[in-house]
Amino acid sequence: MSTETTDQVAAHNGQSPNGQQPLSLGTAAARNLATTTKTPPQMQGKSSRWLLKILPWVQVSGGTYRVNRRLSYAVGDGRISFDQTGAEVRVIPAELGELASLRGFEDIDVLTAMAGRFVQQEFDAGDVVVEEGQPANQIVLIAHGKLNKISTGRYDTRTVLGMLGDGDHVSYRALTPAQDTWPFTVTALTKTTVLTLSSEAYEEIIAQSDALRAHIEQYEANRGKPQNRRGEADIALASGHEGEAELPGTFVDYETSPREYQLGVVQTVLRIHTRVADLYNDPMDQTEQQLRLTLEALFERQEHDLMNNRDFGLLHNVDYNQRIHARTGPPTPDDLDELLSMRRNTQYLLAHPRTIAAYGRECNRLGLYPDSVEVGDDRVLAWRGVPFLTCNKIPITDNQTSAILALRVGEDNEGVVGLHQVNIPDEYVPGTSVRFMGINEKAIISYLVSSYHSAAVLVPNALGMLENVEIARSESR
């Protein structure tokens, strides 16, 4: 039942209270002749899109971008995946190719035989997985857990070398004939599941496969060639000599199969009825507003692809040697310092807004007050002068963990670059075209909206990641 009083109803109908005749035009009737003040259509799904703003965009005229690098002998170790059935864990045979000495070896039968020889072991927090000074006679694959990698310092102090987590492995010299002792201790910080393969079992498998033996010999030959600390073929130089010393000869070798990036695409078909486009364009152009909102959604998807695409997305192109784990769970200033130390001239940090909030809580707990810096017309949080930018395209897992990216950008800086092609047919904004597709029999106009893009990491240390950071608020904090 309506709760309006008689007077309210009368006022709404332009009448005076108590049944009296109105002395002037009522507001409800007057609104029929008035022009309302309107806003353009608003959109909640629009974000800051910092990644699109900070990437230097490179023109890719042929649709393909080739990244040439110096020849590298050192093959980076990858992250290993596992199958799990209940409490039983098995390594996926093809994933053994992520071990440096097995990279590129494709005989699945041999890899399957090797995977079947791994033994599952469980460790509790505080247990020692491998011990410094003991024979390095096994390969250890970490299926689940977090571990500390510790060594003895110069003055007999214990030094933390790094963190290990799911998919990492420990195989120092265990995959080579010249076995040595472990130069570090690995201790479980949480309940940990590992798979181990003894060097004896590994040697048995090598003895049964001529192809694997030849592959290992080639790997050892490359390891013996002169190379710098990044694994690149060394450039012979001489310094500090006097007189007529014979100078070394050298040349700079290149990778024979450099990586090529193809431009990806985001597309949609925008449909507008001719009656809407003809009759309802005052005071705002309906086609223009429809196109504006469509482009906003397209650019959001573009940034999502640049971050998450399995081919060129930044999250999937971080070199495994440039990934570190958070020491305690939530992101701390110590974690960011370690992340920054892994590359020269880190220019930006990217994280989900909730990750930045978790970092802020850690700073509050430690009594620290991070700086802020100006980026364009905005003022943002910073650490060590490096701006901390939000990116809601970095995913948050079901167990409330996320990642922080650190990057250097630009071709001249050997960093990360965005790729696009401009001056394409029917270009609306650089790299994005709006092409008229015609009017169908239902009087609907169609426009094909297309945007072409990709991203490239010019050298591995241009991009790093602090992964598996906890962003949920802990009860103990």
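In this predicted model, D124 and K191 form a salt bridge, with their closest N and O atoms 3.5 Å apart. D124 lies in the loop between β5 (119–123) and β6 (128–130), and K191 in the loop between β11 (185–188) and β12 (192–198), so the bridge ties together parts that are 67 residues apart in sequence. D124 is partly exposed, at 44% relative accessibility, whereas K191 is exposed, with a relative accessible area of 53%.

This bridge belongs to a total of 19 salt bridges in the structure. Side chains of opposite charge can pair when their charged atoms come close. R158 and E132 form another such bridge, at 3.6 Å from N to O. Here R158 is in strand β9 (residues 158–164) and E132 in the loop between β6 and β7 (138–144), and the pair links distant parts of the chain, 26 residues apart. E132 counts as partly exposed, with 28% relative accessibility.

A further bridge joins E338 to R327, whose closest N and O atoms are 3.2 Å apart. E338 belongs to helix α9, while R327 is in the loop between β15 (323–325) and α9, 11 residues apart from its partner. R327 is partly exposed at 32% relative accessibility.

K53 lies over the face of W50, 4.8 Å from the ring centre. Likewise, the charged end of K149 sits over the ring of F184, at 4.5 Å from its centre.

The fold as a whole comes next. The protein has 10 helices and 25 strands. It has 477 residues, of which 42% count as buried. Among contacts between residues at least 6 apart in sequence, 73% join residues that are at least 24 apart.

One of the helices, α10, shows how a helix is set into its surroundings. Helix α10 covers residues 353–366, 14 residues in all, and reaches 20 Å from its first C-alpha to its last, close to the 20 Å expected at 1.5 Å a residue. Its buried residues are T355, I356, A358, Y359, E362 and C363. Seen down the axis of α10, these residues fall within an arc of 155°, so they line one face of the helix. The elements that cover them include helix α9 (333–340) and the strands β16 (348–351), β18 (378–383), β19 (386–390), β20 (401–407) and β25 (463–470). After α10 comes G367, which has a positive phi, near 75°.

The structure has 4 aromatic pairs. In one of them, Y359 and F388 are tilted, with 5.4 Å from centre to centre and 50° between the planes. Y359 lies in helix α10 and F388 in strand β19, so this pair ties together parts that are 29 residues apart in sequence. Y359 has a relative accessible area of 0%, and F388, with 2%, is buried too. Ring pairs link Y359 and F388 with W383 into a cluster.

R384 is in the loop between β18 and β19, and its phi is positive, near 55°, in a residue other than glycine. R384 is exposed, with a relative accessible area of 57%. Q400, in the loop between β19 and β20, also has a positive phi, of about 65°, although it is not a glycine. At 25% relative accessibility, Q400 is partly exposed.

Elsewhere, the peptide bond from D282 to P283 is cis, with omega near 10°. P283 is in the loop between α7 (274–279) and α8 (286–308).

The last stop is R69, in the loop between β2 (64–67) and β3 (82–85). R69 is partly exposed, with a relative accessible area of 27%. Although R69 and S257 are 188 residues apart along the chain, their C-alpha atoms are separated by 9.6 Å.

Conventions. Residues are numbered from 1 along each chain as its sequence is written. This is a predicted model: local features need pLDDT of at least 70, side-chain atom pairs count only at pLDDT 80 or more; totals for chains, interfaces and linings use all residues. Side-chain values use heavy atoms; hydrogens and water are left out. Helices (H or I, at least four residues) and strands (E, at least two) are DSSP runs, numbered from the N terminus. The expected span of a helix is 1.5 Å times one less than its number of residues. Buried means under 20% relative accessible area, exposed over 50%, partly exposed in between (1.4 Å probe, protein chains only). The arc is that of the directions from the helix axis to the C-beta atoms. Contact means heavy atoms within 4.5 Å. Rings of Phe, Tyr and Trp (its six-membered ring) pair if their centres lie within 6.5 Å; planes under 30 degrees apart count as stacked, over 60 as edge-to-face and the rest as tilted. A charge sits over a ring if NZ of Lys or CZ of Arg is within 6 Å of the ring centre and within 35 degrees of the ring normal. A salt bridge is a side-chain nitrogen of Lys or Arg within 4 Å of a carboxyl oxygen of Asp or Glu.
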